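Here is a short briefing on charged side-chain pairs. Look over the sequence and the model before reading on.

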Amino acid sequence: MELEIHPLAHCLPDMPEDQFEAFKEDISGLGVLEPITLLDGMILDGRHRYRACKDLGIECPTRTVSDVSPHDLVMSMNFFRRHLDESQRAMVAAALLEPFEKEAKKVQESTLPTKGQKGFQSNAGANLPQHNRAPKAVDKAGEALGVSGRLVQEAKVIREEGTLEEIKAVTNGKASVSSTAKQIRERRPIQPPTLKLAKKPEPPKTTFNETNENIGWAAYSWNPVTGCKNGCPYCYAKAISDRYGWTFEPTIHKDRIGPISTKRKENKNNRVFTCSMGELFGPWVPDEWIRKVFDVVEANPEWLFLFLTKNPERLPTLEWPDNARIGATIDRQSRVQQVADAFQALHDAGISNKRFISCEPLLEPIAFPQELWQVLDWLIIGAKSEGQVKVQPNIEWVDSLFVNARSYGISVWFKDNLIFRPQEDCDHD
């Protein structure tokens, strides 16, 4: 008797043919070690084992389950045994979204007054403060699969509006959720505009993002200009942009330039890493863009704005606001002289803004000339981050920079990704 495949079983990617052939060969020698799982007479787990047994002409052991959630069973039996990327996990979460949606609706209904009760409003849920809202179903499903609710929402768009080929491509790890959902939205029919009374446009605002331990030396980041043409192979900003389908072409975001809306928190410093996702001083950046950014900096002296560049030759040509800190990246010895010349020119021009150097990633031993140490205020040292892997520099390289900084009275910041645990054996003469 031919068994049907449960619809939820298809939310996980198909096994590539080469892997399936090896899998079938393994079953041919050892047999089926784990029976397939049936629910309501359909295969919920083990469709590849079933297919292999059919091809080999052997009997496939089965077990039947009941009174269980098929969503929970698929998740527990498949997700934790597979190496799925973020897009694939988001597609699984979108397929298993139904119980989370029911739970979210139930929680929302239990927290709102019903019709006839005091305080009832037909749109009461929309008026709840954000912190009182129940978590969205996509957020809960995403948490269960280790992805963001935003990615689950993108995957839901693909499952509901995508073609079969698009769904299979993302499910099997051959396309990303973000780029595929973007393509689907772009081909949606254009809705005729609704007639509304014209509203006076609100002025753009400057909003800061709180940083994490990856940028521990500044509590906030702000990206009025993004993108870069330096082409560094380890660039985290380019990797993030590619992951989310953003452009990395140099771009000014005028909607991020205006009065500052962020309120400083008491437990946070006032330092703002500016253009953390781009290069503000590259030769391709118009002077007008820099001037617009500096206008916001000058208008907000209560904040301290930190700028970091790999194009230091432009730094001495600018009129710097007093509350700006001027930084340059040195990852290799070949960058040292260019930074030394720029910092010396700043010093000679009487520009008193504090200057700092970031040696992140520190890729080789680096030596600064005396004239650079003498015009430096702060040194940051970090490792090379490759996703979750932190490639540590040689400890002697770090120690040399640290000792020299101390001899010139320069403050040093060790990045959180720089982790040394020296264990020196003292059992010797």
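**Salt bridges in a predicted model**

Arginine 291 and glutamate 298 join their side chains in a salt bridge, at 3.2 Å from N to O. The model is predicted. The structure holds 20 salt bridges. Side chains of opposite charge can pair when their charged atoms come close.

**Around arginine 291**

- Arginine 291 also meets aspartate 295 in a salt bridge, with 3.1 Å from N to O.
- Arginine 291 and aspartate 295 both sit in helix α11, which covers residues 287-298.
- They are four residues apart, so about one helical turn separates them.
- Arginine 291 is partly exposed, at 31% relative accessibility.
- Aspartate 295 counts as partly exposed, at 40%.
- Glutamate 298 is partly exposed too, with 42% relative accessibility.

**A network**

- Glu21, Lys24 and Asp55 belong to one network, joined by salt bridges that share partners.

- Glutamate 17 forms a salt bridge with arginine 51.
- The closest N and O atoms of glutamate 17 and arginine 51 are 3.1 Å apart.
- This pair links distant parts of the chain, its residues being 34 residues apart.
- Glutamate 17 lies in helix α1 (residues 17-30), and arginine 51 lies in helix α2 (residues 47-56).
- Glutamate 17 has a relative accessible area of 44%, so it is partly exposed.
- Arginine 51 is partly exposed as well, at 33% relative accessibility.

Key. Residues numbered from 1 in each chain as written. Predicted model: local features only at pLDDT ≥ 70, side-chain atom pairs only at ≥ 80, totals over all residues. Heavy atoms only, no water. Salt bridge = Lys/Arg side-chain N within 4 Å of Asp/Glu carboxyl O. Helix = DSSP H or I, 4+ residues; strand = E, 2+ residues; numbered from the N terminus. Buried < 20%, exposed > 50% of the residue type's maximum accessible area, 1.4 Å probe, protein only.
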